[in-house]
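Trainee: Good morning. Could we go through this structure together, please?
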Amino acid sequence: MITNKADILAPGGDEEAVRAAILAGADAVYLGLSKFNARMKAANISEESLPSLVHLAHSRGVKIYVTLNTLITTGEVKEFLALVRVCQKAGVDALIIQDLGALYLLQKLYPELRTHASTQTTSHNSGQIEFLKRLGVRQVNLCREMSLSEIRELTEVADRMGIKTEVFVHGAYCISFSGQCLMSSFIGGQSANRGLCAQPCRRLYYLRPGKRDGAYRLSLKDNSAFKKAASLLEAGVKSFKIEGRLKNFFYVYQTVRAWREQMDRILAGLAPNEDDPRLHEVFNRGFSAGYLESRIGRKMFVTSPLDQSLPLVGEVKGYLADRRLLELTESAELPRGARINIYSPDNRFICTAVVENKQTANAFKILPEHRMRDKIVKGHLVCLLRDSEKIANLQAELRQMKECERLPLWVKLEGREGQRLRASFSSGQKIVLAESSILLQKAAKNPLTQEAAFSAFSRLGGTAFELKGVDCSSLADSLFLPVSELNALRRKAISQLEKELWPDSGEKLPPPLPPGGAESVKTRLVILVSEPDEAAIFSSLLTSPVLLEINSAEDFQKAAPYLANHQNILPFFSAILFEREFQRLAKILDAAICSKVVVNNSGLGLLATEKGIRWVAGPALNCTNPYTARALREKGGAEGVFLSPELNLEQLKEASRVGFDLETWLTILGPILLMTTRQCLLRDTAACGKEVCDEHCLGSCHQYAVWYDERNMPFYVYKRPGTYTQIFNNAILLAPEAILHQLRGRISYFVLDMRNFPFYHLSREEKRMILDYLTAILDKGTSKNSQGQDQHWQAVKRILSPTTSGHLKRGL
């Protein structure tokens, strides 16, 4: 019999969803506030509503976690800490965090607050868990891409460290490793690392420009671990997380209720349910447990983007807005009062409407319930909404719960003529005493009755309290006190009571940063290449480091002789290192071969420190503020950090204020990696014919394709031995010269990514040309040192075309 008990962690995208989760039996609810949460497009919770929702949850034994799980820029740190203070005062049970600098600050300034690591930390090996533990994290959300055996192995390791593991068990998958996706950010300026993902993965992509071979090549079905609940409990997972902060209260209630009953059955020793119809009655794209089952393949992808819970009524033939007349391509049965949703073919929501009457067999007069997101046009799809009565009944229950959210307040008054009015205000176990500043007088009119006192003390708008009663049994009759004095007494007592219930440790300021300024360091150029022999050639030409890409243990062994003979060649390791590959690298990483490395995984960085190898934190570690740099330095031993490619010029200047014991690195030229996925995206073009990925795919597969979006914009999809499939932007990053001038002296190393790709392959002469040009900028402050050089540079720009300045102007 399974004895491990795990929490059901439910989404709360708005107040109704939070109440629905509590009513359905969730053990904890995660929600976001007005800023710094990874679902900024959800309704979210106001700071004013947070204390009452926390009270409601705690009164029913439910925990509240607040998501502050985005990256934070230097200029936002004080605002972030102010929001933390709001959470602390409200009594939340934990904060869910992505930014390593935020974890660092919380450990220093709010050590009493419990912190959990967001899925955005991309946690998938034991080294990362150890690093997060050093930052005070108590619970870690593991990557959705992990198999059941990988989860079991990592959970055992985490348990020995005193860390709880958390796993997504239901809801949307991301195609990219969470925290590593820049696709929405770079193609549309809406960063997933800021909670603004525009979901480009849900769109159509084509194998040829302008053709009709579009498919949802990045759109996965929804995650459902329902059948695997017992196995996850046996693995020791302590938190079962349901995705869905963008979904409504009915979705939350149905999914949580299904999971509550499943968990209770298992813990009671009963056989788990194979499925639950309630999961199919709310939004879903179809379900898959492919990652858990180690069956990563084509069956995990959708064939239609539509919500599979909604019956399709038909396709729009036309819509007359002035008459509100909706015409379908075929006849349909839609009774009066039926509610419908209208979507675009790519699943964009247009509106919800009520059918007023049937005009002809295929035409209906409708009444949209709200402002339409777009015009209804030919080709849009009409779906029937079900369960209207069930939804209405649930809403009524939620309204009743809302009345219980505010804390009950009781007031007792006592006093006689010539004395000060004494009042005790009590809520729960807390009592505060207050006295009037003036004496009670004999009343000529308007005596202080129970009704008058109740009227004065019940004015509690903007607080978490609701007055339940006033006891005047110890108050003499026919006394008078001005209403203004009663109001002042109430305000004073409520303020004291709030401090008793929600202690406020006061404003906490971040540790001071070193002063910023130009010319504090000597900026040098660094080149990143793919092949060891090329690294050796550039190593002899340059005094600065040469970075050599290493994607696997085999790559490292192949490069070992070059690394041993050229001390300025630094291995540049990948971000995704599941435990098996992580342990393989742990066995062969040797300080005698390389004295310094660049790593994109905090676990590997920690391992390097333990082996006496100096290391630099790569761009995948998302350093957007100096406190992230300090975290990597003080908790992991890093001696340098790459600054995030999502920062603009001013944000880079602020983020570079890391202190003299840390180097700063910045990529200024090269391909832009948009995402990395464990999926095979090349199944339509690969010749292998495999339905699922197997153990050989990672190490041996080498495939390439060009995809096009609906604007005919190309994207480069590339799978190399040792790496997972990656998608690159069509434009090459090229920092404007003016920006380089302003960052010179602030950044230790400008990195030129000159690796070889099918879509980006510079000759050795062209690489030298670029190096010469940029060296002139750094050494002489100008690129115009010779007419010939400028001509060469224009030629290189033509070769690189199209180019982009990335986020150097836009930023986060």
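Trainee: Is the crossing of helix 16 and helix 17 left-handed or right-handed?
Mentor: The crossing of helix 16 and helix 17 is right-handed, a term used if the near helix is turned clockwise from the far one by less than a right angle. Helices here are DSSP runs (H or I, at least four residues), numbered from the N terminus. Please note that this is a predicted model, in which local features need pLDDT of at least 70, side-chain atom pairs count only at pLDDT 80 or more, and totals for chains, interfaces and linings use all residues. Residues are numbered from 1 along each chain as its sequence is written, and side-chain values use heavy atoms, without hydrogens and water.

Trainee: Which residues of helix 16 meet helix 17?
Mentor: Phe-582, Leu-585 and Ala-586 in helix 16 meet Gly-603, Leu-604 and Leu-607 in helix 17, where contact means heavy atoms within 4.5 Å.

Trainee: Another topic: where is Phe-36 found?
Mentor: Phe-36 is in the loop between strand 2 (28–32) and helix 2 (50–59); strands are DSSP runs of E, at least two residues. Its phi is near 60 degrees, a positive value in a residue other than glycine.

Trainee: And why does Phe-36 count as buried?
Mentor: Phe-36 counts as buried because its relative accessibility is 4%. Buried means under 20% relative accessible area, exposed over 50%, and partly exposed in between (1.4 Å probe, protein chains only).

Trainee: What about Gln-199, then?
Mentor: Gln-199 counts as partly exposed, at 36% relative accessibility. Although Gln-199 is not a glycine, it has a positive phi of about 55 degrees.

Trainee: Which peptide bond is cis?
Mentor: The bond from Ser-801 to Pro-802 is cis, with omega near 0 degrees.
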